[in-house]
Amino acid sequence: MSDPQTTSADDSQDIAQQCEEIEALSAIYGDDFVVVDEASRIYEIRVSNESDTWWSGTLQVLLPPQYPSKSAPVFEVHSAWMSDSEMFDITDQLHSIHRENKGEILLYLWVEKLREFIVNKVVEFENEQLEKGTCVMIF
């Protein structure tokens, strides 16, 4: 049986780490960081390709009270252009980051992995268009 004082101290430390992480993400991502429900600790970070915002995705997270020490954030990735297999791929990559960083804050790592994923998909698409001889202009 766990000691209630230890659990309470752990939870307080988790909440403090969450507050610091949210403050940092808000500063880094500005308007792309949205507080959906502060009481429930639900947040969204929008990630867009710099040259074409159609290539975008949103990472929505719910932070459980015992994140980061014992629990992972609950998350969803939303994107109009991703296929089911691409959605599975990015979700798997985010789970891998959690497994490699258990007990650590990781939302920044997740957001940047989503950004990298989007950039790679844009490059893939452009290369496919070049191979087909199609002119692609991304502004």
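Student: How many helices and strands does the protein chain have?
Tutor: This is a predicted model, and its protein chain has three helices and four strands.

Student: OK, and in what order do the elements run from the N terminus?
Tutor: They run α-β-β-β-β-α-α.

Student: Changing topic. What share of the residues is buried?
Tutor: Of the 139 residues in the protein chain, 32% are buried.

Student: Now the rings. How many aromatic pairs are there?
Tutor: The count is six aromatic pairs. One of them is Phe33 with Tyr43, which is stacked.

Student: What are the numbers for Phe33 and Tyr43?
Tutor: Their rings are 5.7 Å apart centre to centre, with 20° between the planes. Planes under 30 degrees apart count as stacked, so this pair gets that label.

Student: Where do Phe33 and Tyr43 lie?
Tutor: Phe33 is in strand 1, residues 33–37, and Tyr43 is in strand 2, residues 42–48. The pair therefore ties together parts that are ten residues apart in sequence.

Student: Are those two buried or exposed?
Tutor: Phe33 and Tyr43 are both buried.

Student: Which residues do ring pairs link into a cluster?
Tutor: Trp54, Trp55, Trp81 and Phe125.

Student: Last one, on contacts. Among those with a separation of 6 or more, what share comes from residues 24 or more positions apart?
Tutor: In the protein chain, that share is 48%.

Definitions and conventions. Residues are numbered from 1 along each chain as its sequence is written. This is a predicted model: local features need pLDDT of at least 70, side-chain atom pairs count only at pLDDT 80 or more; totals for chains, interfaces and linings use all residues. Side-chain values use heavy atoms; hydrogens and water are left out. Helices (H or I, at least four residues) and strands (E, at least two) are DSSP runs, numbered from the N terminus. Buried means under 20% relative accessible area, exposed over 50%, partly exposed in between (1.4 Å probe, protein chains only). Contact means heavy atoms within 4.5 Å. Rings of Phe, Tyr and Trp (its six-membered ring) pair if their centres lie within 6.5 Å; planes under 30 degrees apart count as stacked, over 60 as edge-to-face and the rest as tilted.
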